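I opened my notebook to keep track of what I looked up in this model.

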Amino acid sequence: MKKNINVNVVVIGGGPAGYSSAFRCSDLGLSVVVVEKYGVLGGTCLNVGCIPSKSLLYLATLIKEIKEFSKYGINIGSIKSLNFSNVMNWKNNIISNLSRGLLDMAKHRKIKILRGIGKFISAHSLEVQHDDLIHNISFDYAIIATGSRPIQLPKLPYEDNRIWDSTQALNSIAIPKKLLIIGAGIIGLEMATIYNALGSEVDIIDSSKRFFPLIDEDSSNLFLRYTKEYFNIYLNTTLVTLTADTRGISVTTNVNNDSVSNNLYDNVLLSVGRSPNTQNLNLNAAGVQSDSSGFIKTNQQMCTNISNIFAIGDVVGQPMLAHKGMYEAHIAAEVISGKKHFFEPKVIPCVAYCDPEIAWTGIMEDTAKLQGINYRSVIMPWKFSGKAISSNCSDTGMTKLIIDSDCNKIIGGVIIGRHAGELLSQISLSIEMGCDIEDIALTIHPHPTLAESIHISAQLYSCTATDMINKI
């Protein structure tokens, strides 16, 4: 059966970038259809990524805190009584509630959601097929927001359900005794935090010589020191062989290009990056250009080389973050409606929601050196924070500000510790506003709070701190 649809805007993909662009287009008076492979909004982020992982990370943090209190003779509960099936049901209910909320907002905006896979027929037409039903959509504008998928390593037995990607790890029905994670990026660290708290012995291997090169080495070294008692991170280590049998997953790794290590695991999680979902779009039919990795090329208005086709989110490249995609979504919708808006943020904040969290924004020291910026950095260890001490997280926290010393403006920052992601926005806002470091130092912060660490860091720069010894 075939049906024809005419619409102002077709959005391909219903993730955070996709539904945000659809909602914004509707609010701006445009008729919108969303094409979504699974028929539900939220994409990877809501259904099998950000939201479920953050739910489990919240539980992991609670478990970890309970264990830490036992050191002081305060026994609150036991992980042994945890019903993992109930945990998964709780996590799935969160997803369902948020999904229903998005559906209600789409209905309120009179946005039609078509289930199926869309492929371009031309620069103004799209074919969407699901089972025996085919929709032919004629559109004025298209927004591609099809997201990304986990990268797979070659020659691995993916048919074995003990080999996980992030989606499978978030839907496991059992807790492995021993878990290997390949890749020490954000996903790998978050999964290590979850499964370590649930009782797994976790090893992480990564081919990089330096841990977490997205932030400065002094900050990444602090994180390694904080987490060494919870899971093992082996750098400059590559996978040689992986064999699945009745005993488990036998893994051989090469360390520092010389020594070989053999270990047996119950499960192996691959978190070595993601690639764009552009393989089914038939981009050539619309004339849309992509690079050798499949990422779609856009300008600062999120427009592709075809003037009526836009692309947003993971499909346009790094950083692959939901909040970046949602920001791009607003730009695309507003440009389509006739506004002269551009994607030109000074910073895009990033957070790894492990425990402790790693949050960073702006220019790091290494980049400042390469760019020839005269800078100075200040660090406030949380052992000087009354709030961190009273919250039992003073040993695993620090706040770092990076300041352009020629103009005394904040250009970057790193926070490691619990709730670091919640604190980071103050630094991002300071950079976007061109804030002088003195503006932070002279702004009264509530006491006691973790946000004071940013305040004290600013005071350290001007040697006005009283909670720490000033160093000139």
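My entries on helices, sheets and single residues follow.

**Entry: before I start**

I note that this is a predicted model.

**Entry: H1 and H9**

I began with a helix pair. I noted that two packed helices are described by the angle between their axes and the distance between the axes. H1 covers residues 16-27 and H9 covers residues 322-336. Their axes come within 8 Å and cross at roughly 30°. Angles under 35 degrees count as roughly parallel, so H1 and H9 are roughly parallel to each other. I looked up the handedness too: H1 and H9 cross in a right-handed way.

Which residues of H1 meet H9? I listed Pro16, Ala17, Tyr19, Ser20, Ser21, Arg24 and Cys25. On the H9 side I found Ala322, Gly325, Met326, Ala329, His330, Ala333 and Glu334. I sorted the residues of this contact by type: eight are nonpolar, four polar and two charged.

**Entry: H3 and H4**

I took a second pair. H3 spans residues 50-70, and H4 spans residues 84-108. The axes come within 10 Å, and the crossing angle is roughly 140°. That makes H3 oblique to H4. The crossing of H3 past H4 is right-handed.

H3 brings Ile51, Pro52, Ser55, Leu56, Tyr58 and Leu59 to the contact. H4 brings Val87, Met88, Trp90, Lys91, Ile94, Ile95 and Leu98. How do the residues of this contact divide by type? I wrote down 11 nonpolar, one polar and one charged.

**Entry: a parallel sheet**

Next I traced a sheet. Five strands make an open sheet, and I read the order as E8-E15-E9-E10-E11. The pairing is parallel. Which strands sit at the edges? They are E8 (163-164) and E11 (232-234), and each pairs on one side only.

E9 (residues 178-182) and E15 (residues 267-270) run parallel and are joined by four bridges. Opposite Leu180 I found Val268 in E15.

Then I looked for a helix against this sheet. H6 (residues 186-198) lies across E8, E9, E10, E11 and E15. H6 runs at about 165° to E10 (201-205).

**Entry: an antiparallel sheet**

I traced another open sheet of five strands, in the order E18-E19-E22-E21-E20. Here the pairing is antiparallel. The edges are E18 (350-352) and E20 (375-381), each pairing on one side only. Neighbouring strands are turned by 15° against each other on average, with direction ignored.

Met380 has Thr399 in E21 as its bridge partner.

Which helix packs on this sheet and touches E18? I noted H12 (residues 420-432), which also touches E19 (358-362), E21 and E22 (409-416). The direction of H12 makes about 175° with that of E22. I also looked up H14 (residues 452-461), which lies across E20, E21 and E22. H14 runs at about 135° to E20.

**Entry: buried or exposed?**

His135 is found in E6 (residues 133-144). Is His135 buried or exposed? His135 has a relative accessible area of 8%, so I wrote "buried". Not counting residues up to four places away in sequence, His135 touches Lys3, Ile5, Leu114, Leu126, Glu127 and Val128.

Ser96 lies in H4. Its relative accessible area is 32%, so Ser96 is partly exposed. I also checked a distance: Ser96 and Leu224 are 128 residues apart in sequence and 36 Å apart in space, C-alpha to C-alpha.

Lys110 sits in the loop between H4 and E3 (112-115). With a relative accessible area of 76%, Lys110 is exposed.

**Entry: backbone angles**

I stayed with Lys110. Its phi is near 60°, a positive value in a residue other than glycine. His419 also has a positive phi, about 65°, although it is not a glycine. I placed His419 in the loop between E22 and H12.

The bond from Gln318 to Pro319 is cis, with omega near -10°. Pro319 lies in the loop between E17 (309-311) and H9. The bond from Asp355 to Pro356 is cis, with omega near 5°. I found Pro356 in the loop between E18 and E19.

Methods: Residues are numbered from 1 along each chain as its sequence is written. This is a predicted model: local features need pLDDT of at least 70, side-chain atom pairs count only at pLDDT 80 or more; totals for chains, interfaces and linings use all residues. Side-chain values use heavy atoms; hydrogens and water are left out. Axes are lines fitted to C-alpha atoms, for helices over the stretch in contact, and angles run from 0 to 180 degrees between N-to-C directions. Helices (H or I, at least four residues) and strands (E, at least two) are DSSP runs, numbered from the N terminus. Angles under 35 degrees count as roughly parallel, over 145 as roughly antiparallel, 65 to 115 as roughly perpendicular and the rest as oblique. A crossing is left-handed if the near helix is turned anticlockwise from the far one by less than a right angle, and right-handed if clockwise. Contact means heavy atoms within 4.5 Å. Ala, Val, Leu, Ile, Met, Phe, Trp, Tyr, Cys and Pro count as nonpolar, Asp, Glu, Lys and Arg as charged, and the others, Gly among them, as polar. Two strands pair if DSSP finds at least two bridges between them. Buried means under 20% relative accessible area, exposed over 50%, partly exposed in between (1.4 Å probe, protein chains only).
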